[in-house]
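Here are some friendly notes to read alongside the model. Please have the structure open as you go through the points.

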Amino acid sequence: MAYCRIDELSPEEEPVFEGMIQAAISYMKGAGVSEPEAGTPRRRQYDLCVNALVLDAWDRRGAAVQAQGSYAAVENRAFRQMLNQLKLTEPVSKLDTGE
């Protein structure tokens with residue numbers, strides 16, 4: 001909530017916000033990034049990506065996105081770079097190495 005600069009959620013908003021968190025975690029898993037161990041630099045990058053996804057979903061609730069004009073969607077470049085780095089540095093299990 002601090003990342004999204006939300007002081008308090010209404011009872012109706014709480015399940016929506018929690019759903020956005022779960023969707024962001026699911027997105028990361030689907031993108032090939034597993035949840036890293038707590039307290040590691042990789043975990044901090046992971047958490048920033050999850051936070052960015054949640055903030056984007058929160059800010060765009062009900063927003064119309066047009067192909068052109070003032071509502072054009074713009075991808076967060078810092079998020080994309082961090083996600084790509086996490087994907088490229090995903091630890092490989094021994095099962096994947098043929099050992």
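1. Let's begin with the salt bridges: the structure holds four of them. The term stands for a side-chain nitrogen of Lys or Arg within 4 Å of a carboxyl oxygen of Asp or Glu. Before going further, please keep in mind that this is a predicted model, in which local features need pLDDT of at least 70 and side-chain atom pairs count only at pLDDT 80 or more, while totals for chains, interfaces and linings use all residues. Residues are numbered from 1 along each chain as its sequence is written, and side-chain values use heavy atoms, with hydrogens and water left out.

2. You will find arginine 43 in helix H2, which covers residues 41-59; helices here are DSSP runs (H or I, at least four residues), strands are E runs of at least two, and both are numbered from the N terminus. Is arginine 43 buried or exposed? Arginine 43 is buried, with a relative accessible area of 18%. Buried means under 20% relative accessible area, exposed means over 50%, and partly exposed lies in between (1.4 Å probe, protein chains only).

3. Which residues pair with arginine 43 in salt bridges? One is glutamate 35, whose side chain meets that of arginine 43 at 3.1 Å, N to O. Glutamate 35 counts as partly exposed, at 47% relative accessibility. Another is aspartate 47, with a distance of 2.9 Å, N to O. Aspartate 47 and arginine 43 are four residues apart in helix H2, so about one helical turn separates them. Aspartate 47 is also described as partly exposed, at 30% relative accessibility.

4. Arginine 60 and aspartate 56 form a further salt bridge, and their closest N and O atoms are 2.5 Å apart. Arginine 60 is partly exposed, with a relative accessible area of 34%, and aspartate 56 counts as partly exposed at 38%. Through shared partners, salt bridges join Glu35, Arg43 and Asp47 into one network.

5. Leaving aside neighbours within four places in sequence, arginine 43 is in contact with Glu35, Pro36, Glu37 and Ala38. Contact means heavy atoms within 4.5 Å.

6. Now for the overall picture. The protein chain has four helices and zero strands, and reads α-α-α-α along the sequence. Of its 99 residues, 22% are buried. Among contacts with a separation of 6 or more, 66% are between residues 24 or more positions apart. The accessible surface of the chain comes to about 7,300 Å², and carbon and sulfur atoms hold 52% of that; these areas come from the Shrake-Rupley method with a 1.4 Å probe, and for residues only the protein chains shown count as cover.

7. Leucine 86 sits in helix H3 (residues 77-88) and is buried, with a relative accessible area of 0%. Which residues does leucine 86 contact, leaving aside its neighbours within four places in sequence? They are Met28, Val33, Arg42, Gln45, Tyr46 and Cys49. Glycine 32 is 54 residues from leucine 86 in sequence, yet the two are 8.7 Å apart in space, C-alpha to C-alpha.

8. Isoleucine 25, in helix H1, counts as partly exposed at 26% relative accessibility. With neighbours within four places in sequence left aside, isoleucine 25 is in contact with Tyr46 and Val50. The C-alpha atoms of isoleucine 25 and cysteine 49 are separated by 9.2 Å, and the two residues are 24 apart along the chain.

9. Finally, have a look at the segment before helix H1 (13-30), where aspartate 7 lies. Aspartate 7 is exposed, with a relative accessible area of 79%. On the surface, Asp7, Glu8, Glu12 and Glu14 gather in a patch of negative charge. Patches are made of residues with over 30% relative accessible area and no salt bridge, with like charges joined within 9 Å and nonpolar side chains (Val, Leu, Ile, Met, Phe, Trp, Tyr) within 5 Å. Lys and Arg count as positive and Asp and Glu as negative, while His and the chain ends are not counted; a charge is placed at NZ of Lys, CZ of Arg, CG of Asp or CD of Glu.

10. Arginine 5 is also in the segment before H1, and is exposed with a relative accessible area of 79%. Its phi is near 55°, a positive value in a residue other than glycine. Most residues other than glycine have a negative phi.
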